[in-house]
Amino acid sequence: MLADDIRGMAPHTTDWFALDAARVRAFAEATEDRQFIHLDEDRAAQTRFGGTIAHGFLTLSMLSAMSYQVTAAISGMEASVNYGFDRVRFVSPVRVGSRVRGRFSVAHVDEGEGWLGVHWDVEVEVEGQEKPALVASWITRVFLS
């Protein structure tokens, strides 16, 4: 029954998350990706981006925080873990200081003993921007208690 409930979940839009300079710097330090387009406003202003941009992988990693809002309604969930992606595309850059949010919809659900594989169609939109930052087909494994 739980799998049917998840299959029937309405698409969900998360709250906004800021990708400010402090978060971008922290991500750069954690991943050792200190490319100037993420950290040096003056140099980045001279590029096609016109200023600093958030790491694509930072934007992608925000799916974890966003997913907590989406999976909170799943009753009987012991834990939910990242199982992988069938597809990820970085559609447009995210300027440092922008806010992003996720739009999640269930594509389908696989069932196993004590777990569900939830396949999400996800789009991360940037506030005030027509094109999304990224689109993905993400699979999470939901363990049931």
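I count a residue as buried when its relative accessible area is under 20%, as exposed when over 50%, and as partly exposed in between, with a 1.4 Å probe and protein chains only. By that rule I find Leu116 buried, at 3% relative accessibility.

**Ground rules.** I am working with a predicted model, in which local features need pLDDT of at least 70 and side-chain atom pairs count only at pLDDT 80 or more, while totals for chains, interfaces and linings use all residues. I number residues from 1 along each chain as its sequence is written, and side-chain values use heavy atoms, with hydrogens and water left out.

**Overall layout.** I took helices (H or I, at least four residues) and strands (E, at least two) as DSSP runs, numbered from the N terminus. On that basis I list 5 helices and 6 strands, and from the N terminus on the order reads α-β-β-α-α-α-α-β-β-β-β. Along the principal axes, the C-alpha atoms fill a box of roughly 55 × 30 × 25 Å. I note that 39% of the 145 residues count as buried. The accessible surface, from the Shrake-Rupley method with a 1.4 Å probe and, for residues, only the protein chains shown as cover, comes to about 8,100 Å², and 48% of this belongs to carbon and sulfur atoms. With contact meaning heavy atoms within 4.5 Å, I find that residues 24 or more positions apart account for 69% of the contacts with a separation of 6 or more.

**Strand β6 and its partners.** I looked next at strand β6 (residues 134-144), which is largely enclosed by the rest of the structure, because 8 of its 11 residues are buried. For pairing I required that DSSP find at least two bridges between two strands. β3 and β6 pair in the antiparallel sense over 11 bridges, and within this pairing I located Thr140 of β6 as the bridge partner of Asn82. β5 and β6 also run antiparallel, joined by 10 bridges, and here Gly117 stands opposite Arg141 in β6.

**Arg141.** What is the nearest side chain of opposite charge to Arg141? I found Asp110, 6.6 Å away, and Arg141, although buried, has no salt bridge; for that term I required a side-chain nitrogen of Lys or Arg within 4 Å of a carboxyl oxygen of Asp or Glu. Leaving out residues up to four places away in sequence, I see Arg141 touching Ala79, Ser80, Val81, Tyr83, Trp115 and Leu116.

**Leu116.** I place Leu116 in strand β5. With the same exclusion of residues up to four places away in sequence, the residues that Leu116 touches include Leu2, Ala3 and Ile6, as well as Val109, Asp110, Glu111 and Arg141.

**Salt bridges.** My search of the whole structure returned 7 salt bridges.

- I find Asp4 and Arg7 joined in one of them, with their closest N and O atoms 2.9 Å apart. The two residues are separated by about one helical turn, because they sit 3 residues apart in helix α1 (residues 2-7). Asp4 counts as partly exposed at 48% relative accessibility, and Arg7 counts as partly exposed at 35%. I also note that Asp4, Arg7 and Glu111 are linked in a network of salt bridges.
- I find Glu41 bridged to Arg95, the closest N and O atoms being 3.8 Å apart. Because Glu41 lies in helix α4 (residues 41-45) and Arg95 in the loop between β3 (77-90) and β4 (98-112), this pair ties together parts that are 54 residues apart in sequence. Glu41 is partly exposed, at 38% relative accessibility, and Arg95 is partly exposed, at 35%.
- I find Arg101 and Glu125 meeting in a salt bridge at 2.8 Å, N to O. Arg101 lies in strand β4 and Glu125 in strand β5 (residues 115-126), so the pair ties together parts 24 residues apart in sequence. Glu125 is buried, with a relative accessible area of 14%.

**Charges overall.** I counted Lys and Arg as positive and Asp and Glu as negative, leaving out His and the chain ends, and placed each charge at NZ of Lys, CZ of Arg, CG of Asp or CD of Glu. The mean positions of the 14 positive and 20 negative charges are 7 Å apart.

**Ala72.** Last, I looked up Ala72, which is found in the loop between α5 (56-71) and β3. Ala72 counts as exposed, at 63% relative accessibility, and its C-alpha atom is separated by 24 Å from that of Phe57, 15 residues apart along the chain.
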